[in-house]
Amino acid sequence: MDDIENDPLIQMGVTANLAQRAAGDQQEFIEFLARDLERALPTMTETTYRGGLFSRKKLASLQVCFDNELLTAEVTETGVNTSCTKVVRGIKLKTEPMPMQEWLALLIDRLKQHAEKNGAARDALEKLFQG
């Protein structure tokens with residue numbers, strides 16, 4: 001294929017790589033992802049932290065808001081709980097928990113769709129994934 005970025009095998013490899021990293025240490029991976037998404041897409045990304053006065057601040061949750069979906073990752077003592085919430089006219093209708101790998105694949109798909117519509121988002125995401 002001429003355009004390597006649109007090669008489905010490359011996209012599957014990126015998704016698999018991220019899923020493998022997420023499976024290793026989910027809490028560390030979500031913190032890494034939250035920092036990068038906050039820098040690349042600050043208006044779409046919301047993070048909350050806990051601790052900080054006498055201990056290191058730790059990520060409590062990451063939310064990435066798209067037009068009609070809110071993807072959430074909540075960090076707990078035992079791992080990371082991920083979910084997708086359907087949103088209509090600003091009202092949260094239904095939240096469905098999902099496995100981390102499925103959530104990550106959905107996040108990547110929604111980021112790709114957003115980047116196709118928005119040049120500034122595309123540029124920010126390119127910088128994010130280039131290093």
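Leu93 touches Lys86 and Val88, leaving aside residues up to four places away in sequence (contact means heavy atoms within 4.5 Å). Leu93 sits in strand β5, and Leu93 is exposed, with a relative accessible area of 57% (buried is under 20%, exposed over 50%, partly exposed in between, using a 1.4 Å probe and protein chains only). This is a predicted model, where local features need pLDDT of at least 70, side-chain atom pairs count only at pLDDT 80 or more, and totals for chains, interfaces and linings use all residues. Residues are numbered from 1 along each chain as its sequence is written, and side-chain values use heavy atoms, with hydrogens and water left out.

**Around Leu93**
- Val88, Ile91 and Leu93 make up a nonpolar surface patch with about 290 Å² of accessible area together (Shrake-Rupley method, 1.4 Å probe, with only the protein chains shown counting as cover for residues).
- Patches take residues with over 30% relative accessible area and no salt bridge, joining like charges within 9 Å and nonpolar side chains (Val, Leu, Ile, Met, Phe, Trp, Tyr) within 5 Å.

- Strands β4 (residues 80-88) and β5 (residues 91-98) pair antiparallel over seven bridges (pairing takes at least two DSSP bridges; helices are DSSP runs of H or I with at least four residues, strands runs of E with at least two, numbered from the N terminus).
- Two residues lie between β4 and β5 in this hairpin, and Arg89 in the turn has a positive phi of about 50°.
- Ser83 has Pro97 in β5 as its bridge partner.

**Salt bridges**
- The whole structure has seven salt bridges (a side-chain nitrogen of Lys or Arg within 4 Å of a carboxyl oxygen of Asp or Glu).
- Arg56 and Glu31 form one of them, at 3.6 Å, N to O.
- That pair links distant parts of the chain, 25 residues apart: Arg56 is in the loop between β1 (45-50) and β2 (58-65), and Glu31 is in helix α2 (residues 26-40).
- Arg56 is exposed at 55% relative accessibility, while Glu31 is buried at 14%.
- Glu69 and Lys86 form another, at 2.9 Å, N to O.
- Glu69 is buried at 3%, whereas Lys86 is partly exposed at 37%.

**Cysteines**
- The disulfide count is zero (the rule asks for two cysteine sulfur atoms within 2.5 Å).
- Cys65 is partly exposed at 40% relative accessibility, and Cys84 is buried at 7%.
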